[in-house]
Amino acid sequence: MSELIAIIDYNMCNLRSVEKSFRKFNCQIITTNDIKIISKADKIILPGVGSFKDGMKELRKLHLIDTLNESVIRDKKPFLGICLGMQLIAKRGQENGETNGIGWIDADVVRFNLNDNQKNLKVPHVGWNSVKYKKNCLLYNDIPDNSDFYFVHSYHYKVHEDITTGETKHGEVFTSSIQKNNIFGFQFHPEKSQAMGLKIISNFLNL
Amino acid sequence: MLKHRVIPCVLLKDWQLVKSINFQSYRTIGHPTSTARIYNSRNVDELIVLDIDASQNIGGINLEIIRDIADECFMPLTVGGGIRTINDIHKILDTGADKICINSIAIDNIKFIERASSVFGSQCIVCSIDVKKIGDTFKVFNKSKGILDLDPFELARQYQEYGAGEVLLTSVDCEGVAEGYDIDLIKLFKNKLNIPVIFNGGMGSPMHAVEAIQNGADAIAAAYIFHFSRFTPNDIKLALNENEIPSRIPMIIN
């Protein structure tokens with residue numbers, strides 16, 4: 001019996017592209033916001049594109065936060081946060097006013113702060129950019145350092161603990177991936193990053 | 001550092017992929033899903049698919065084909081053609097596309113951009129403008145309305161203000177001719193907008209891409225070169241890198 005992977009559906013993006021990238025591999029994948037199914041899953045993925053505030057509002061509305069805490073913190077199930085899904089597990093987000101996040105990671109999520117000499121740089125940071133490794137991370141196995149991944153975001157992590165696994169430069173250098181025990185987060189989109197992205201997904205499934 | 005994107009832009013007509021010259025004389029060039037699969041395997045940075053029949057079809061865009069294409073793409077996919085409502089966008093994004101591209105509706109009702117970007121986020125809304133050169137000036141061109149008395153730069157600036165995430169600028173004169181991008185048009189936009197501008201129409205050799213980006217293009221789209229020449233997307237990226245323009249050269253992993 002293959003593992004059950006739950007992709008959390010909280011109305012914050014179309015999830016089909018995440019789902020189809022997992023379907024490339026041998027696993028049972030279900031996109032859901034049903035608390036019972038999420039509790040039964042072996043691994044959990046929180047994707048998402050959109051604003052921090054709306055994301056937290058949707059997670060609360062669907063009563064998902066307790067279930068996520070039980071699965072990821074108490075039961076230590078592998079967790080993958082993608083883009084907004086990585087941001088929401090931080091303590092605080094600064095988008096549209098300060099909002100408390102799920103709070104597993106001691107970090108703030110702040111807007112790109114580009115100076116006047118960087119007028120040629122654009123926000124949102126959209127496109128392919130490279131990730132420089134800061135630490136070993138199992139999910140980067142077999143992927144060369146400085147590989148390019150696809151980003152779409154205006155806010156990024158400012159970490160207050162030593163969990164950065166990868167950094168990226170867009171005007172400033174920011175944390176583009178993290179790991180804390182069983183919790184993995186990527187600011188970029190593995191499901192949109194072709195071979196390198198699919199490798200991250202297969203590494204996650206092989207944990 | 002952010003890379004300059006090289007984006008194939010393919011046209012869909014009656015279940016076929018076609019290529020046009022100056023927006024006319026369509027030639028069938030292949031099947032959509034197999035083409036999408038090839039682009040995915042060649043590691044293009046993104047793919048744009050425009051359904052050129054959609055505005056005439058009662059059912060709108062051919063969602064069945066779009067879904068098949070999306071299944072083959074593990075890279076960002078932009079889809080356009082005949083979009084008139086928020087619900088049209090929902091349906092396209094449900095297939096697995098990442099961004100949508102609008103043209104006529106934005107000319108008719110600029111507030112539509114505002115609504116669409118508030119629902120889906122501006123990163124999702126690409127506004128396409130077709131441009132025709134009349135004497136020394138550039139004018140907006142629309143397939144059903146013809147040449148309009150609108151300045152493309154001014155229109156793009158308004159689109160940005162109303163929440164567009166990107167602008168796709170196609171030169172009708174250069175499209176399908178393969179003699180290079182319209183450099184005057186690129187210079188007109190250089191560093192003036194805060195959102196990326198993708199230039200489309202005219203690439204016949206990798207040096208045309210180098211020239212476009214050196215003159216200010218954020219990203220370049222093309223069709224002719226990929227269908228009718230010996231050059232692959234990777235050849236273009238190698239040419240960019242040789243000219244010290246950052247672009248993504250995918251590494252092979254096992």
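Let's start with the nonpolar cores in this predicted model. A nonpolar core here means a set of buried Ala, Val, Leu, Ile, Met, Phe, Trp, Tyr and Cys residues joined through C-beta atoms within 7 Å. Buried means that 20 or more other C-beta atoms lie within 10 Å of the residue's own; exposed means 12 or fewer, partly exposed is in between, and the C-beta atoms are placed from the backbone. The largest core has 80 residues, and those with the most contacts inside it are Ile7(B), Leu47(B), Val49(B), Ile100(B), Cys127(B), Val167(B) and Ile220(B). Strand S1(B) contributes the most to this core, six residues. Helices and strands, by the way, are DSSP runs (H or I, at least four residues, for helices; E, at least two, for strands), numbered from the N terminus.

Take Leu47(B) as one example. Setting aside neighbours within four places in sequence, Leu47(B) is in contact with Ile7(B), Pro8(B), Ala36(B), Tyr39(B), Cys73(B), Met75(B) and Leu77(B). For us, contact means that the C-beta atoms of two residues, placed from the backbone, lie within 7 Å. There is another core apart from the largest one, of 61 residues, with Ile8(A), Ala41(A), Tyr140(A) and Ile201(A) among them. As background, nonpolar side chains tend to be buried together in soluble globular proteins.

A quick word on conventions. Residues are numbered from 1 along each chain as its sequence is written, while chains are lettered from A and ligands numbered from 1 in the order in which they are written. Since the model is predicted, local features need pLDDT of at least 70 and side-chain atom pairs count only at pLDDT 80 or more, but totals for chains, interfaces and linings use all residues.

Now chain B as a whole. It has ten helices and twelve strands. Its radius of gyration is 17 Å, close to the 18 Å that the globule rule gives for 254 residues, so chain B is as compact as a globular protein of that length. That radius is taken over C-alpha atoms, and the rule is 2.2 Å times the number of residues to the power 0.38. Of the 254 residues of chain B, 52% count as buried. If you look at contacts with a separation of 6 or more in chain B, 66% come from residues 24 or more positions apart.

In H1(B), residues 32–41, the buried residues are Pro32(B), Thr35(B), Ala36(B) and Tyr39(B). Down the axis of H1(B) they fall within an arc of 100 degrees, so they line one face of the helix. The arc is that of the directions from the helix axis to the C-beta atoms. On the face turned away from that buried side, Ser34(B) and Ser41(B) are exposed. What do the buried residues of H1(B) pack against? The partners are strands S1 (5–13), S2 (16–21), S3 (24–30) and S4 (47–51), together with helix H2 (63–72), of chain B. After H1(B) comes Asn43(B), with a positive phi near 60 degrees.

Helix H5(B), residues 111–120, buries Phe112(B), Ile113(B), Ala116(B) and Phe120(B). Again the arc is 100 degrees seen down the axis of H5(B), so these residues line one face of the helix. Lys111(B) and Ser118(B) are exposed on the other side of H5(B). The buried residues of H5(B) pack against helices H3 (86–94), H4 (104–108) and H6 (152–161) and strand S7 (125–134) of chain B. Just after H5(B), Gly121(B) has a positive phi of about 90 degrees.

Over to chain A, which has six helices and 14 strands. Buried residues make up 50% of its 207 residues. In H1(A), Ser17(A), Val18(A), Ser21(A) and Phe22(A) are buried. Their arc around the axis is only 135 degrees, which puts them on the same side of H1(A).

Finally, the place where the two chains meet. How many residues does the contact take from chain A and from chain B? Chain A gives 33 residues and chain B gives 24 residues. H6(A) gives the most to the side of chain A that touches chain B, with six residues. By class, that side of chain A has eleven nonpolar, twelve polar and ten charged residues. Here Ala, Val, Leu, Ile, Met, Phe, Trp, Tyr, Cys and Pro count as nonpolar, Asp, Glu, Lys and Arg as charged, and the others, Gly among them, as polar.
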